[in-house]
Amino acid sequence: MSFSRLAACACLLLATTTYAAEEAGPGRDPAQPVDEGYTRKIREYTTEPFFLSPLVDYLPASPDVPTPQAVLGDVAGAPGKLPYAADVYRYMRLLESRSPRVKVRTIGRTEEGREMIAVAVASEPLLAAMDDNRVRLGKLADPRTIAMDDAEADRLVAASFPVYYLTGTIHSPETGAPTALMELAYRLAVDESPYVRYIRDHVVTLITPVVEVDGRDRQVDVYNWHLAHPKDNWPPLVYWGHYVAHDNNRDAMGLTLNLTRNVLGEYLFQKPQVLHDLHESVPFLYDNTVGDGPYNAWLDPILTNEWQMMGWNNVSEMTRLGMPGVFTHGDFDTWSPGYLMFIAASHNGISRLYETFGNAGADTVVRRLSPDEYARTWYRQNPPLPRVSWSQRNNNNYEQTGLLVSLHYFAQNAPAFLRNFYLKSKRSIEKPRLEGPAAYVFSADEPRPGAQAELLRVLQRQGCEITRATAAFDVPMPVRKPKDKDTDEAAAGADKASAEKPKTETRHFPAGSYVLRMDQPYSRIADMLLDYQYWSPDDPQKHPYDDTGWTFGELFGVQVARVADPAVLAVAAERVSGEVKAPSGVEGSGPVLAVNHNADIGLVALRYRFKDAAFEAAEEPFEAGGTKFARGSFLIRGVSAAEAGRVASELGLKLQALAAAPAVKTHPLRAPRVALLHSWLSTQDEGWWRMALDRLKLPYDYISVQTVAATPALRTRWDVIVFPPVGRTAAAIVAGMPRWGNPLPWKTTPLTPNIGRIDSTDDMRPGLGAAGVQSLRDFVAGGGLLIGVMDTAELAVSYGLTQGVALGRAEKLKAPGTIVRARVVDAASPIVYGYADSFSVYTADGPIFNLSNLAGGRGRRRPPEETERPTGRGTADEPDLPQGRPFAEPPKEPEAEAWEALPLTEEQRRNPIYVIPPAQRPRTVLRYGDAKELLVSGLLEGADDIAKHPAVVDVPVEKGHVVLFSNNPIWRGETLGSYFLVFNAILNFDQLGAGRTLDAE
Ligand SMILES: [Zn+2]
């Protein structure tokens, strides 16, 4: 069998290379001169001798090749030196021009137009053979090209050399990697020690020294400001990338950011075996390659074993070199595939990540660690020191030593890792007959073709091949079991024999349905994104590192069929060439255009594209021209057929031209003036909203809480203010940062040319303040719409911008990034136009809303024990009877569902100062599902806390509205299915009362 052959083959290789490794221990070649000045500086800037290793305690001299000093004016990791990306690139290109062992290429641009590069470093023969080698790696990556022939794979492995891809400083305040990678590139190109030569001769090291280039340049600005104002507090880095901050490392599923697409593009082009991302947080080097459980459930076990091999080798080698505080087991679980390095894990490579210790800048400072950081544990026998003077040079020593050790180990075992690369790719192709499924199918009768096309395009970007059925076909699908347990047991009792058999039903798919076959090399990422996730509440891991559920079909609001039967692979289909596009165009003729509302996001773009045309929304479903239109569908006048056709095909929408408008009640559908509101505390989460609006070309003004505080007449400038989640408490958003200390400017200046361009302020500290709260209150009272989400919804509630909504307290709720079921409560509300009765939403421990018909009411229900009968005569369900008078029947206690307000009592209506008039009462539009059905994907504990409570509430306030979201409808480019809840609110901002049935009193 191939496994025993592999084992024999690997042992042989290890035997020969181990001998070579012993010969070539780490340490300089005495015959090669050392750059004395540079070496002296390395030792000067390193704060303890044991923060050095024999791999980095010297710098070899070269007569031709300049050291990083040529660009930095000092050594890598020197105090006070933080190079801009352009300086890093200048050095890499200098290396390229002076060394035949270095090649630089552009891999793309950032959102703000900055370049991203990849630097290849290897011996001359390897670099010269890179193109041929890439062809061989391509065959190993797609074993279909060699007919899955193991013998041919062995020949390719023997002829090939691997590529190890390093990526630096994706997280902008984690500043050390660029200088470490500059010096590493120099060492790999110049060092003649046998250890480094061995790496250079056996593996191509590929380096992207700066991943988040926009953020790097802003971080350097802030650091330079700090150097120029040494006695002042410096402004926190509120913007990293153009859109998001820390979440730029959570984009490997949705692939929305340029940096992710560029690194993925380079990965798919070069076919590296490893993607190793450099971060900074915990001391001194956490190689979280091993991390902790639960591991992502869709990975080949070959990979998880490779993690163990490489992670523990790293710890063992660095411990041998005498460096304290190196470990590989720790907090990080690898459940979510959203991390940049996971591009490799989900595409048959090896993902790795370092956390080294950083100072967020290049100052040398004393750092005091917390007891859990310096404790000796079973996996960290040589822990970090409790209190250290720490320098950027220390950080660079750890990064470079770890990387050299890893590269050497990888070079030693190159054939075994290449063979694994082939095997993982081969087993991905064999998926249909191994673990399955056989395919995922996307039906041609999908109600949301726009979202379907978007989902398929994400999968295409991931490298997946899509085919399209040329004829209709049927497949057996498992029958979904009823949720109710009693029904299950009854069925089992009635027909035990049939209950034991897996039940299937036939599902019909029309011609034109898309089939994503699992017999392709990148089947694993498709399975990862499209399958469901289950995280047990009893899992020993109590702190999920990130979202626990992400099922893309649910979040995109698209039907996805997971087909196990391999017969689906025989369906007549052709490969889709080019991007998947939704069917589009204009049918029929006439002056009125009708567009079915299906919540496809292109619809909002359509409204703004024809900003000045007359749009109306139908308040009821209708039929016209032989087509059925859902409630909320658009009726458009004043747009020419040609113009409409052009835009329809651009946006992937189908329009129907009608001779006359249908007889249906309508209201105007505006293209309102929108402001997107942010705080200066954090822009991380609003960035996903900003990106969504930008991509759809929905125009908006981007304003801060300080603008709101300083603008009393907001209503004259805007119709809608969208306030996405901030990730802070309501009180913090109002308070801002403390006012002691110096002002914190976020402005473009000659010293800080890269900041202050997205938004700017003289002082980041002031928050929304009482004046801002009052401005928002006036804005709503004057007819504006304020949209609050999670913490900003809590702000609206707790600062009295709404009435009749209260915040409940979670007792046991745990939904750390979970997909849950939501149910439409009021289908006539414009906010749910285009939606079915039930669909999935993303929540992250969202607020619990309770409604009341009384201003200031808590909306609490009486606990069940209080409604039980008291001690007395009769049986448990009979009333007690007072003796000596006829029985007086007590009135029924008011009852309501968890998403409703309790009906008013006569007592409350006596002097109704606090009774909210019916037209001003909160209207629950969408609620969370019942506890039993609530969990769709991920981890959910304590479902009862939030089950049935409102998810989206429309609160009329005088002439305007506040719409509150407990779920987060716009998140990481993954929740396209819920975007239109927001867009509907915007487009119907002055018509939100449509279809509302008011309480009688
Ligand atoms: Zn990081």
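The second largest pocket has a volume of about 1,100 Å³, in a model that is predicted. A pocket is an open set of points on a 1 Å grid over the protein atoms alone, with protein on both sides within 12 Å along at least five of seven lines. Its volume is the space filled by probe spheres set on the points, which are joined across faces, edges and corners. Residues are numbered from 1 along each chain as its sequence is written. Local features need pLDDT of at least 70 and side-chain atom pairs count only at pLDDT 80 or more, whereas totals for chains, interfaces and linings use all residues; side-chain values use heavy atoms, without hydrogens and water.

**Second largest pocket**
- The lining comprises 31 residues (a lining residue has an atom within 4 Å of a point), and Arg 480, Tyr 532, Glu 554, Gln 559 and Val 560 lie nearest the centre.
- Two or more lining residues come from each of strand E13 (473-478), strand E14 (504-509), helix H21 (552-556), strand E16 (561-563) and strand E32 (838-844); helices (H or I, at least four residues) and strands (E, at least two) are DSSP runs, numbered from the N terminus.
- E32 gives the most, with three residues.
- By class, 14 lining residues are nonpolar, eight polar and nine charged; Ala, Val, Leu, Ile, Met, Phe, Trp, Tyr, Cys and Pro count as nonpolar, Asp, Glu, Lys and Arg as charged, and the others, Gly among them, as polar.

**Cavities**
- The whole structure holds six cavities of 30 Å³ or more, a cavity being a set of points where a 1.4 Å probe fits but cannot get out.
- The largest cavity has a volume of about 50 Å³.
- Its lining consists of Glu 111, Glu 212, Asp 214, Gly 241, His 242, Tyr 243, Val 244, Leu 257 and Leu 259, divided into four nonpolar, two polar and three charged residues.

**Helices H22 and H23**
- The axes of H22 (residues 602-609) and H23 (residues 641-651) come within 10 Å and cross at roughly 150°; axes are lines fitted to C-alpha atoms over the stretch in contact, and angles run from 0 to 180 degrees between N-to-C directions.
- Gly 602, Ala 605, Leu 606 and Arg 609 of H22 meet Val 647, Glu 650 and Leu 651 of H23 in the contact (heavy atoms within 4.5 Å).

**Confidence**
- The mean pLDDT (the predictor's confidence in each residue, from 0 to 100) is 95, and 95% of residues reach 70 or more.
- Over residues 1-22 the pLDDT is below 50, and over residues 484-492 it stays under 50.
- Where pLDDT is low, the predicted coordinates should not be read in detail.
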